[in-house]
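Subject: Structure handover

Hello,

Please find the structure below, followed by notes on what turned up in it.

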Amino acid sequence: MIRALIVDDEPLARRRLARALARIEQVEVLGEAGNIREAARAIDEQAPNLLLLDIQMPNGSGFDLLAGLASPVPAVIFVTAFDRYAVSAFDARAIDYVLKPVEFERIAAAVERAREALRAQQHEQRLEELQEVVAALRAELARRDEQALTFWVNSRGESHRVAASDIVWIEAERDYARIHTATRSWLYHESLSSLEARLDPKSFVRVHRSAILRRDRVTAYVRGAFASLTAILDTGAQVRVGRTYERAIRSEIREQPGS
């Protein structure tokens, strides 16, 4: 018997899922949760063996809920508005995913996959796979958030949009900042400190009071005279690491595998 818990902040989506599950044999809907706190409490109290889980909800994401699960782990079907390209990479590892708006045939197929997985009782394997899926989906969300962050720059009476993901590095220029992409640079009317606060520290690192670099565009840190450091970017640009920031950069270098 499938004992399902529906976790989604949209009442209409929950009703649609409940109606679909009611048409499938040997499926019992234990209840519904509209946020992460309710879901965590329901899992503790009712021990479902299947979660139909949305991703973005109040009080944290579906990822936060999954990250706190302990073995034995319920089978999980993601019910998500992600585009197909964004989740297809997880299909082999997740029990299944269903795109909104939900169609009965798709839900029914997903439940059958979950039923097969539950018969196998591979709890530990599912936990490891689930953690991999959560990590991958978190990375996808971060990538999307970064793509959504854009800066409008002006040049010769025209406005151009520069995505954060296209920035190679940024340098201070008086009270402004100069944004460098792979093809050109732009003067942007905002201070470096203000930009630093808006950029994701997982993607960008400040290496000098006058410079911020995109981490994945750094190809090497070269030691120079008096043990100074210079960052080499994949565009060929060279940016000196300020003494205030050297300790943090050296620490990061030591923590990298093979360093």
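Leu51 stands opposite Val76 of strand E6. This is a predicted model, and the notes start from the strand pairing around that position.

Strand E3 (residues 50-53) and strand E6 (residues 75-80) run parallel and are joined over four bridges. Further along, Leu53 faces Phe78, also in E6. Strand E1 (residues 2-7) pairs with E3 as well, again in the parallel sense and over four bridges. In that pairing, Leu50 of E3 is the bridge partner of Ala4.

In a regular strand, side chains alternate between the two faces of the sheet. E3 is covered on both: Leu50 and Leu52 lie on one side, Leu51 and Leu53 on the other, and all of these are buried.

These strands belong to an open sheet of five, in the order E2-E1-E3-E6-E7 with parallel pairing. Its edges are strand E2 (27-33) and strand E7 (96-99), each of which pairs on one side only. Ignoring direction, neighbouring strands of this sheet are turned by 20° against each other on average.

Helix H5 covers residues 104-120, 17 residues in total. From first C-alpha to last it reaches 25 Å, close to the 24 Å expected at 1.5 Å a residue. Its buried residues are Ile107, Ala108, Ala110, Val111, Ala114, Arg115, Ala117 and Leu118.

On to charged pairs. Side chains of opposite charge can pair when their charged atoms come close. The whole structure contains 12 salt bridges; some of them are described here.

Asp8, Glu10, Asp54 and Lys100 are linked in a network of salt bridges.

Arg198 forms a salt bridge with Glu190, with 2.7 Å between the closest N and O atoms. Arg198 is partly exposed at 37% relative accessible area, while Glu190 is buried at 13%.

Arg206 forms a salt bridge with Glu196, where the closest N and O atoms are 2.9 Å apart. This pair links distant parts of the chain: Arg206 is in strand E13 (residues 204-208) and Glu196 in helix H7 (residues 192-198), 10 residues apart. The relative accessible area of Arg206 is 14%, so Arg206 counts as buried. Glu196, with 36% relative accessibility, is partly exposed.

Glu246 and Arg250 meet through their side chains in a salt bridge at 3.8 Å, N to O. Both sit in helix H8 (residues 243-255), and because they are four residues apart there, about one helical turn separates them. Glu246 has a relative accessible area of 10% and is buried. Arg250 is buried too, at 19%, which is under the 20% cut-off for that class.

Three further residues were looked at individually.

Arg214 lies in strand E14 (residues 211-214). At 9% relative accessibility, Arg214 is buried. A polar contact of 2.8 Å joins the side chain of Arg214 to that of Asp216.

His180 is part of strand E11 (residues 176-180). Is His180 buried or exposed? With a relative accessible area of 14%, His180 is buried. The side chain of His180 makes a polar contact of 2.8 Å with the side chain of Glu171. Not counting residues up to four places away in sequence, His180 touches Asp166, Ile167, Val168, Trp169, Glu171 and Ser185.

Gln238 belongs to strand E17 (residues 238-240). Gln238 counts as exposed because its relative accessibility is 59%, and the class begins over 50%. Leaving aside neighbours within four places in sequence, Gln238 is in contact with Thr230, Ala231 and Ile232. Gln238 and Ala220 are 18 residues apart in sequence, and their C-alpha atoms are 9.8 Å apart in space.

Regards

Methods. Residues are numbered from 1 along each chain as its sequence is written. This is a predicted model: local features need pLDDT of at least 70, side-chain atom pairs count only at pLDDT 80 or more; totals for chains, interfaces and linings use all residues. Side-chain values use heavy atoms; hydrogens and water are left out. Helices (H or I, at least four residues) and strands (E, at least two) are DSSP runs, numbered from the N terminus. The expected span of a helix is 1.5 Å times one less than its number of residues. Buried means under 20% relative accessible area, exposed over 50%, partly exposed in between (1.4 Å probe, protein chains only). Two strands pair if DSSP finds at least two bridges between them. Axes are lines fitted to C-alpha atoms, for helices over the stretch in contact, and angles run from 0 to 180 degrees between N-to-C directions. A polar contact is a pair of N or O atoms within 3.5 Å; within protein, one must be able to donate a hydrogen and the other to accept it, and residues adjacent in sequence count only if both atoms are side-chain atoms. Contact means heavy atoms within 4.5 Å. A salt bridge is a side-chain nitrogen of Lys or Arg within 4 Å of a carboxyl oxygen of Asp or Glu.
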